[in-house]
Amino acid sequence: MATAGGSEIFYGGIPVFRGFARLMEPSLYSPLPDDWSIGVADIVESTRAIAAKRYKAVNMAGAAVIAGVTNALGGREFPFVFGGDGASFAVAPADLDAARGALAATATWVKDDLDLIMRVALVPIEAIRAQGLDVRVARFGPSANLSYAMFSGGGLGFAEGAMKRGEFAVARASPGTQPDLSGLSCRFEEIPSARGVILSVLVMPAKGGDPHAFRKVIEEIIALAEQSPDAGRPVPSGGPALRWPPQGLDFEARTKRGGPLFARRVLVLAVTLWVYTIMRFGISVGKFVPKDYVRQVVENSDFRKYDDGLRMILDCSEELAQALAGRLAQASANGVVNYGLHRQHAAMMTCFTPSAMRSDHVHFIDGARGGYASASSAMKAMQI
């Protein structure tokens, strides 16, 4: 059913595809309406923050963009993608003011509570198409519980570049402004590799490269990962470890509105103790069944995506990591791709769960030691 703002009229009408290996099929992607806008956000000097071991703060900032905009839109579906140190999304014209307010407030929260600087911008589709680029959207269903967006057309890259040049900028809200980050948390422990290495993979088309050759490389990389017994989802079948007090206690307390930080920490301590108890002992509460929730956490983990390029967090053997690196090096030498890889021994999860009673909660996966941001830095270093 269509809802206010029109987000579900367009996006909800796009058929959901299954099977990640299909993601390069052009027929899966629908062009955004001409009056929509692209929102982009990233952390300034995220490489420096990662060098200071502030991995979780960087990831929390990126996920906060999605949580803030989702809550500002009343929970309506809209296309978005988590990029580790930022996020991108698309909104209908009637949702533009709400998205702008959420971006401005989130940028302020990131500065006030995380001590990071976030750039944010809203770029009209018209401006992107004037450059001969496009933004097309598909909906991938990793499970029966939810779907999330894939983007093609080259427009997200233009929007990100424009943001970094200071164009289409959204100014931060006044100090102390708090976005609605309900449902955003990071309670699970880091997820150690079961196969040898957590590999962050970023593959983008080389400027002036053959798009058909690029598609072939992406399909080969996905096939290597999916068909090998030495690679898989970084989240184990039993879900990530949950301990109390959680590692992300302070971050979650800072997402809460109102009252001194100490009081918010006490509240989160109490809530997480209750959650830990029912999860630890498998106690069903009303319609909430812990084992079902854990299964959904595994199924809903967002560990691979496409936003004009391929992003994956894989738990794989060193041998497979080397095979992927070799294939990408060859494609790079042929002028087909630019790529970055980053190895670490664990993954981490940042969760957006507006309601634990619903099955469509989403769990953003990144490498626990820099992940996508470090892979992006590696890619840029290779282009110098």
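Predicted model: local features only at pLDDT ≥ 70, side-chain atom pairs only at ≥ 80, totals over all residues.
User: Why is α3 called roughly antiparallel to α4?

Analyst: Helix α3 (residues 55-72) and helix α4 (residues 96-114) pack at an angle of about 150°, and their axes are 9 Å apart. Axes are lines fitted to C-alpha atoms, for helices over the stretch in contact, and angles run from 0 to 180 degrees between N-to-C directions. Angles under 35 degrees count as roughly parallel, over 145 as roughly antiparallel, 65 to 115 as roughly perpendicular and the rest as oblique. The angle of about 150° therefore makes α3 roughly antiparallel to α4.

User: What are the classes of the residues where α3 meets α4?

Analyst: The contact of α3 with α4 has 14 nonpolar, 2 polar and no charged residues. Ala, Val, Leu, Ile, Met, Phe, Trp, Tyr, Cys and Pro count as nonpolar, Asp, Glu, Lys and Arg as charged, and the others, Gly among them, as polar. The α3 side includes Met 60, Val 65 and Gly 68, and the α4 side includes Leu 103, Thr 106 and Trp 109; contact means heavy atoms within 4.5 Å.

User: What makes α7 and α11 roughly antiparallel?

Analyst: Helix α7 (residues 211-227) and helix α11 (residues 318-333) pack at an angle of about 175°, with axes 11 Å apart. That angle is why α7 counts as roughly antiparallel to α11. Val 217, Glu 220, Ile 221 and Leu 224 of α7 make the contact with Leu 320, Leu 324, Arg 327, Leu 328 and Ala 331 of α11. By class, this contact has 7 nonpolar, no polar and 2 charged residues.

User: How do you know whether Asp 308 is buried or exposed?

Analyst: Buried means under 20% relative accessible area, exposed over 50%, and partly exposed in between (1.4 Å probe, protein chains only). Asp 308 has 8% relative accessibility, so it counts as buried. Asp 308 sits in the loop between β14 (304-306) and β15 (310-316). Its phi is positive, about 75°, although Asp 308 is not a glycine.

User: Why is Phe 168 called partly exposed?

Analyst: Phe 168 has a relative accessible area of 32%, so it is partly exposed. Phe 168 lies in the loop between α6 (155-164) and β9 (184-185), and its phi, near 60°, is positive in a residue other than glycine.

User: What makes Thr 353 buried, and which residues does it contact?

Analyst: The relative accessible area of Thr 353 is 14%, so Thr 353 is buried. Leaving aside neighbours within four places in sequence, Thr 353 is in contact with Gly 183, Tyr 293, His 361 and His 363. Thr 353 is in the loop between β17 (346-352) and β18 (362-367).

User: What is called a nonpolar core, and how many residues has the largest one?

Analyst: A nonpolar core is a set of buried Ala, Val, Leu, Ile, Met, Phe, Trp, Tyr and Cys residues joined through side-chain atoms within 4.5 Å. The largest has 84 residues, and those with the most contacts inside it are Leu 23, Phe 89, Met 150, Val 203, Leu 310 and Val 337. Helix α3 gives the largest share of this core, 11 residues.

Note on methods. Residues numbered from 1 in each chain as written. Heavy atoms only, no water. Helix = DSSP H or I, 4+ residues; strand = E, 2+ residues; numbered from the N terminus.
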